[in-house]
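Biologist: Could you take me through this structure, one part at a time?

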Amino acid sequence: MRKIIQIFLFLGFIGLARPTAAQTFYAFGGGDYWNMNWASMETFSNSYNAGFNSKLSAQLGNFDPMLGWNIGLGFRFAVFSVEYERYGYPSQIQTLAFTSGDKMEMQLISNGYNMNFPIQVPISDKFWVGLNLGLKSLNGELHVRTIYADGTESYGADQPTNGIFEFNKRWLIYLGPRIEFGKKVRGYISANWIMFDAGDVTGLQDLGSDYGGIWTGGMKTVYLAEEWANRSNDLYYFVGYGPLKRELSGMSIKFGVIVDLYSMDIFK
């Protein structure tokens, strides 16, 4: 972490030595591609596929890389910026199909907000290079439902895997290079890698909502078990019990357009 801080201070010193339009409010928006690796989900898929074995007509897969959107506002002073960003990804569905005609569907829904702290050094009037440091909140839910052969859909306790399981609100810290090109309307692109994940100690927890009157789980806490052998455990899950967790890594690429809303050159 000390080296990262030293790099940012060095880039800031270089930028201050070459003044440019120094105070800017701007809006931005674009795309967000995350080549996400979810280690706990891979363990979950392998365990349940092996556990149900010959009862399956189609095995459960892993979620694909995620391509979504981002939009936000920023403020830049000299080469230092602060950005607030909202993001979202289209939901994905993975299905475990049984020879009986029943299915278990897992729908991943993810959205949230980021705080970015880029440092951009002007190489010319129309080209900037630097680093992007960010904090990412990973909000979202994993909906697990049973769809029976007759078309009936259930989130209820008739199957131990059913439920609407919530991500906790912990943060990821990411870092990577970023470039901008243009003047009052600029394009930008950055590549980011996770440097620190606060982790998910408790796993994905059932929200305990009323699922259409089938089952009200408001009085008990249930976690989605990572291992097939634990799927019927209705008790509280603690560290070591093996709930499905949010264990993430991989690279994300952000790209889009920045539009200056107000700027003033304080060095004149």
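Modeller: In strand β9, arginine 145 is the bridge partner of glutamate 105. This is a predicted model, in which local features need pLDDT of at least 70 and side-chain atom pairs count only at pLDDT 80 or more, while totals for chains, interfaces and linings use all residues. Residues are numbered from 1 along each chain as its sequence is written, and side-chain values use heavy atoms, with hydrogens and water left out.

Biologist: How many bridges join β6 to β9?

Modeller: There are 9 bridges between β6 and β9 (residues 139–147), and the two strands run antiparallel. Two strands pair if DSSP finds at least two bridges between them. Strands (E, at least two residues) and helices (H or I, at least four) are DSSP runs, numbered from the N terminus.

Biologist: Which residue in β8 is the bridge partner of asparagine 114?

Modeller: That partner is lysine 136. Strand β8 (residues 127–137) runs antiparallel to β6, and 3 bridges join them. Asparagine 114 is also the bridge partner of glutamate 85.

Biologist: And in what sense do β5 and β6 pair?

Modeller: Strands β5 (residues 80–98) and β6 (residues 103–116) are antiparallel, with 13 bridges. They form a hairpin with 4 residues between them, and glycine 101 in the turn has a positive phi of about 100 degrees.

Biologist: Changing topic, where is serine 54?

Modeller: Serine 54 lies in the loop between α2 (39–52) and β3 (56–58). Its C-alpha atom is 8.3 Å from that of threonine 99, although the two are 45 residues apart along the chain.

Biologist: Is serine 54 buried or exposed?

Modeller: Serine 54 is exposed, because its relative accessible area is 64%. Exposed means over 50%, buried under 20%, and partly exposed in between (1.4 Å probe, protein chains only).

Biologist: What share of the contacts joins residues 24 or more positions apart?

Modeller: Among contacts with a separation of 6 or more, that share is 72%. A contact means heavy atoms within 4.5 Å.
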